[in-house]
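The sequence and structure come first.

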Amino acid sequence: MRLADVSRGVVSIGLALLFLLAGLARLSFAAGGEPVEVTGYKMAGDAVHMRVVINFDREPEPKWLLLRGPHRLVIDIPEASFKLDANELKAKGLIKAVRYGQVGEGMSRLILTAMGPFTVDKVDMLANEDSPGYRMAVDISAASERQFEEALAVQAQTTASTTTVKTDRLAQEPHAKRFSVVIDPGHGGIDGGAEGMNGTVEKTITLAFALELRAKLAESGNYDVYMTREQDEFLRLDERVRIARSHEADLFISIHADTIRLKGIRGATIYTVSEKASDAEAQALADRENLSDQLAGIEIETEKQEVADILIDLIRRETHGFSLKFAHSLVGELSNSVGLINNPHRSAGFRVLKAPDVPSVLIELGYLSNPQDEEQLRDPDWRDKAADSISRAVAAFAAAKTAAGG
Ligand code: ZN
């Protein structure tokens with residue numbers, strides 16, 4: 001061995017030792033609690049359902065809990081270093097704020113503040129398939145104050161707050177609650193809706209009619225009646241659905257008076273939701289209505305709704321049956337008092353009718369593109385007759401639903 005080789009040998013032994021020491025140091029640091037790295041945060045959904053996905057470099061054993069005033073979801077993890085993109089944390093759908101940071105010795109916390117009461121449908125901790133690390137997926141849905149309080153009570157009983165709270169409404173104990181109706185005056189604020197030949201604006205006529213219908217339903221004393229809006233304000237379509245869920249609505253009635261290409265066509269139409277439109281006109285109308293959010297400059301979520309699970313599908317099927325029953329009853333009542341168009345029950349993919357557990361219909365009272373319809377819509381007597389008919393249909397539906405056990 002030449003001298004140069006020897007010195008090279010010493011250098012390599014020295015390097016190896018250095019690496020070894022460095023490795024040991026790293027090991028001991030990890031054992032002493034190297035912070036978990038929060039490597040990503042994403043959320044998708046709308047004001048009704050949201051999925052939140054949080055990425056970690058390793059499994060952090062999180063605990064989550066609910067807090068009220070305002071409605072919050074708190075996720076506690078061991079001390080963490082956060083490497084998050086501020087853009088991903090911006091308010092979206094049901095979540096109006098995301099905050100995070102260290103709280104006390106060795107603990108970090110993420111706080112998600114919601115628009116209103118919600119329930120946690122599911123919490124999953126999964127190992128990433130294609131890359132190292134873990135991800136936590138949390139599904140939440142807009143709910144009523146009562147449902148939020150119920151989840152808080154369950155949380156207080158369980159020491160392990162990481163167990164999924166049961167939010168299955170089908171399995172819940174029946175509670176004393178009056179039949180509740182949510183009336184949704186179409187359009188509002190920056191979204192005026194259709195306009196009649198004599199200047200009637202849809203958002204104004206829908207609100208006027210909705211207020212009259214509310215008074216009529218409240219008069220009976222049999223229901224709790226709520227409105228999605230009571231003044232001239234803009235509301236997102238999913239926000240309207242969130243309001244219906246927040247009242248645990250038994251019925252959601254959206255009121256409209258649109259225009260149609262063919263000026264000769266007149267009369268009322270009842271719409272229910274369907275994947276495939278019943279006809280081209282229904283499709284065109286749903287497309288126009290669904291544009292409401294875009295009119296206000298709001299970006300539409302194109303992401304596929306990931307949170308729809310089997311339970312939601314089941315509820316939706318049952319809900320849809322109720323929506324159809326109510327639509328039939330409406331057609332019957334309205335045909336006795338006000339004019340209906342041919343095939344008065346139609347369907348299309350209206351976003352505002354997509355609450356999974358609230359029977360929902362959209363009533364086109366008439367067409368502002370038709371001068372006679374416009375005149376009727378402005379006539380208090382005609383509106384009174386129409387509101388009477390709708391009230392009778394609500395009464396029949398409420399009686400049948402109560403008889404069937406809620
Ligand atoms: Zn409309």
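A charge sits over a ring if NZ of Lys or CZ of Arg is within 6 Å of the ring centre and within 35 degrees of the ring normal.

## Basis

This is a predicted model, in which local features need pLDDT of at least 70 and side-chain atom pairs count only at pLDDT 80 or more, while totals for chains, interfaces and linings use all residues. Residues are numbered from 1 along each chain as its sequence is written, and side-chain values use heavy atoms, without hydrogens and water.

## Aromatic contacts

The structure holds 7 aromatic pairs (ring centres of Phe, Tyr or Trp, the last by its six-membered ring, within 6.5 Å; planes under 30 degrees apart are stacked, over 60 edge-to-face, the rest tilted). Phe 179 and Tyr 223 are edge-to-face because their planes are at 65°, with centres 5.9 Å apart. This pair joins strand β10 to strand β11 across 44 residues (strands are DSSP runs of E, at least two residues; helices are runs of H or I, at least four; both are numbered from the N terminus). Both Phe 179 and Tyr 223 are buried (under 20% relative accessible area with a 1.4 Å probe, protein chains only; exposed is over 50%, partly exposed in between).

Phe 322 and Phe 397 are also edge-to-face, at 6.1 Å and 90°. They link helix α7 (residues 310-337) with helix α9, 75 residues apart. The charged end of Lys 401 sits over the ring of Phe 322, 5.2 Å from its centre.

## Helix α3

After α3 comes Gly 221, with a positive phi near 75°.
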